[in-house]
Amino acid sequence: MKLYNGGKIITGLVIFLCVFLAPFAYNAGKAAYSQPKVQLPKDEKECIESKEYMRTNHMKLLNQWRDWALRDGKRVYVNSKGKSFEISLQNTCMKCHPNKAEFCDKCHNDAAVSPYCWDCHYQPDGGLKK
Amino acid sequence: MNQTRRNFLKFLGLAAAGVCTATAGRALAVSVGAKAEPEAGPQALSAKRWGMVIDTKKVGTKEAIDVLAKACHSVHNVPDIPGNQNIKWIWAAGFEQAFDQPNDFLDEDVKKRQFPLLCNHCSNPPCVRACPTQATFKRPDGIVAMDYHRCIGCRFCMAACPFGARSFNFMDPRKHIDPAAVNKEFPTRMRGVVEKCTFCVERLAKGKQPACVEASNGAVAFGDLADANSEVRKLLREHYTIRRKPSLGTEPSVYYII
Amino acid sequence: MLEKALKGSPKYYLWIGFLLVVMAGASSAYLGQLMNGLTITGMSRDVSWGFYISQFTYLVGLAASGVMIVLPYYFHHYKQFKDLVIFGEFMAIAAIAMCLGFIVVDLGQPQRMLNVMLFPTPHSMLFWDMIVLCGYLALNILVGWTCLECDRQHLPHPKWTKVLAYISVIWAFSIHTVTAFLMQGLPSRHYWLTAILAGRFLASAFCSGPSILLLVILLTEKVTTFKANVDGVRTLAKIITYAMCVNVFFFLCEVFTSFYSSIPEHKNPLVYLFSGLDGHAELVPFMWVAAVFGLGCLALLIPPKLRDNRHLLPWSLAVLIIATWIDKGLALLIGGFNPTPFDTITPYWPTAKELTVALMIYSLGALVVTVLFKVATEVKHEVGASQKPDSDTAVPEA
């Protein structure tokens, strides 16, 4: 069997592999990823739902909250334990988590996501910053 | 086997399409799994059709209307932008600008009078008809509301509104909001979305009257137009009122006592 | 076939390079708009649509105009258009690319534009406009490309392309009708609120669109071995003439209704445009140029002797294009927003940055046209269809 254009193909493959493996090379030797330490509220022990639920589902919950409050006009959330909360990112979530930089950004930066919540919503500790 | 490049590429394409659909399907299948249902809340005010009656004899000057505008704009973080890319939810205008009833021999009083203009929360809103994403929509209680999260900024609603009630955020509004005066309970808007008066839905949900009504010293009444015993219906029975451009059939919910 | 666009003369490369440079340079203005918002435009609270949407409107006409070649060819078997059909279809592709571009740059939140599909809203005309534009784009790519490929391989066109071509004829009318419906259904925009707007749009499209197409084809003749069928060109010029007559007639109907009824709301936009209102007369010179040019091009196009004069024709077409562009690509939008809902005048004029963003999209369109026309003319050359008599074709026609 003869490999036509072998030189070009192999060079191409090598370049592809280099690019493909670059992220591994970049991270080689660095410490393993550890979950960021977020600033938790001092005087409140429980969030509206369990920590695990909030960690995985807060974005979906917020999406639903937005539709319930804005579109359906229902602004009170009754959680799985029967406790009621005002449906409001700004007036409920941010009351306990006033510092976006020390709470929201910690994970969002690691996950490389930048939700646009604070283009409109006010940060108690950061003011009109985004 | 007839393994041509064409067949190989076809296979590859099909496989890629399959993977995409499977992933998309899985993503769609995962629902939020909400454990709880929302409620309107005990203090929330409700109505079949919210409406407003403005006694222009009582609030008929620029100064008086500016008080309403200030109350509204400060509670909703409406920026103060100079020039014609400005944003306003409620403002003052003369009779000829407000109503399409030109009259060369208007009485002196009405000629001088100013009228507060705002979104009419029409029963048959052309803006809602035009919006391609349902970012502006009519709630069951008649309020024409805005979902700024969904607005794509096409400004179709502005072209559709016969009352000039809508404003577009041509720039980042936060540059024109005094950080010291900001209402921390209410969001600002972002660049590139349309905004307007919302009849203070967020205040109604907490049992409060709209900000302009509260600031008007009784000159502006707010209530359920569908309830014959409401204060607004009482006012409409007792006074001659007009609405803006009624011939267009949009059915405004804001009435003016002349 | 796309490889045909990769091989060309130095002049061809120079032109492509020039367009790419213009696009890259002009895109800095768009970046500025993305960072700072639409405040960089001349639009305002009162005139909330401007140059972008008016260019969109004008170019939908260009997209629809291909039908003036496709319809006679497919419905009436007018063989003289055989080798022109592909240019009509390819021009439509470029025009829709520009239309979509102008819509995207007009959005305040372009990253959310897919919301139109995520939340389909049948009562919004913009939703339907998205559907008809995307559909028309797909139809033209599919039919144009397949037929050209078959021509190249000396194969008959597959049956389904004919079915799709029939559909695309109807579809072409629909794209411009729906674009008119965007505007003519809005209460209180009295310049648009008229049942004849869709008709005016189509008439204007069917004269201005084929004019632009014909100019580009005449230019193509200059730079390639392609030679358009002489009878075909004459027929197209005739179609343009008829459409312009209808266009002028519809406009005069509008003028009559407005002024004879004398209803201020109907009259005032025209008064503002042609003679000024409330001390504002920004568009008056443009409107009179449009009026003079509109009648002037008819004087140049109606007499057969002048119309069939190949040296005069490009000038007549250019005059027609200027007249229709001022009418539809500039004044239509401004007249729709003025007088404002408060019966006042808010003047609008595009800013330099706004025009630069528009230039970016026009260059994109020129690039698409160049590449597609290059492919088409190369294929025509290869199979020896509609070639200049002295050109040496690679494969003589069988």
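In this predicted model, 27 residues of chain B are in contact with 27 residues of chain A, where two residues count as in contact if their C-beta atoms, placed from the backbone, lie within 7 Å. The side of chain B that touches chain A is made up of 15 nonpolar, 3 polar and 9 charged residues; here Ala, Val, Leu, Ile, Met, Phe, Trp, Tyr, Cys and Pro are counted as nonpolar, Asp, Glu, Lys and Arg as charged, and the others, Gly among them, as polar.

Strands also link these two chains, for strand β1 of chain A (residues 76-78) pairs in the antiparallel sense with strand β1 of chain B (residues 38-39) over 2 bridges. Pairing requires that DSSP find at least two bridges between the strands, while helices (H or I, at least four residues) and strands (E, at least two) are DSSP runs numbered from the N terminus. Within this pairing, A:V76 stands opposite B:E39.

Turning to the other partner of chain B, 38 of its residues are in contact with 32 residues of chain C. At least two residues of that side of chain B come from each of α3 (95-98), α5 (126-130), α6 (156-160) and β7 (167-168), and α6(B) gives the largest share, 4 residues. By class, this side of chain B holds 19 nonpolar, 12 polar and 7 charged residues.

Of the 2 pairs of chains in contact, chains B and C share the most contacts, whereas no contact joins chain A and chain C, whose closest C-alpha atoms lie 12 Å apart.

Residues are numbered from 1 along each chain as its sequence is written, and chains are lettered from A and ligands numbered from 1 in the order in which they are written. Local features need pLDDT of at least 70 and side-chain atom pairs count only at pLDDT 80 or more, while totals for chains, interfaces and linings use all residues.
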